[in-house]
Amino acid sequence: MILAEQTQNSTNVYEPIQNWNQRDLGLLTGERGMYRLAHFWQYAMVCSGFQVFNLDCAIRFNPFTIAEETRKQNLAPEPFLEQIRIQRAFTPYQILDALKNILTLKEENTIYFLLAPCKQFLDGDVKDDEGLFLLNLMLGFIEKFPGQNVPLLIIESWTYSHKNFQIFFPKLLRATQNLWELKMDKGLSRIRTRKTSITGI
């Protein structure tokens, strides 16, 4: 098996999602702006006929961002918002249970967004060794999504200083086939794409 890695930059915020084949695990990261961009991607998914499911682990989903985008196109927001569902999870165990349920249900024509999944595992109420153990359990669930043909996009910041995040995040990066890094500079957005694909066996 040969792994090929391709890197490119783009100022078109929709280009990564247009080129995503939905069979590969995707991760959008950066210092800021990722969650707002994820809303635009969800809008684009609904425009393409998909339903969207958010597992929101840190209250990152904002329906007004979707409404703002639809109104720019002179469209009513309600039909778009009706195609977007949100489930919020506030503890590591709720996140793990939700991921397990998603893999069990495997709803057709649905794109899953996992918003800020690491934050709850880094909470001060979670002991360090337990938090790292549970993060690795979460990664085990995440790695099952491509093999079960369940489209998953993870949106996560890279700015946590917690030592467990420093250990875990590289593992998450290695598990993804599509890594998008959003960079903001003087009000301008640029997306760096790293795509790793299997080119031969």
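The basis of the values comes before the two topics.

The model is predicted, so local features need pLDDT of at least 70 and side-chain atom pairs count only at pLDDT 80 or more, while totals for chains, interfaces and linings use all residues. Residues are numbered from 1 along each chain as its sequence is written, and side-chain values use heavy atoms, with hydrogens and water left out.

**Helix packing**

Helix α2 (residues 34-47) packs on helix α3 (residues 63-72) at an angle of about 55 degrees, and the axes are 9 Å apart. The two are therefore oblique to each other (under 35 degrees counts as roughly parallel, over 145 as roughly antiparallel, 65 to 115 as roughly perpendicular, the rest as oblique). The contact (heavy atoms within 4.5 Å) involves Arg36, His39, Phe40, Gln42 and Tyr43 of α2, and Thr65, Ile66, Glu68, Glu69 and Thr70 of α3.

**Aromatic pairs**

The whole structure holds five aromatic pairs (ring centres within 6.5 Å; planes under 30 degrees apart are stacked, over 60 edge-to-face, the rest tilted). One of them is Phe53 with Tyr112, a tilted pair at 5.4 Å centre to centre and 50 degrees between the planes. Phe53 is in strand β3 (residues 51-56) and Tyr112 in strand β5 (residues 110-115), so the pair ties together parts 59 residues apart in sequence.

Elsewhere, Tyr160, Phe165 and Phe169 make up one aromatic cluster.

Terms used
Axes fitted to C-alpha atoms, helices over the stretch in contact; angles between N-to-C directions. Helix = DSSP H or I, 4+ residues; strand = E, 2+ residues; numbered from the N terminus. Phe/Tyr/Trp six-rings, centres within 6.5 Å; stacked < 30°, edge-to-face > 60°.
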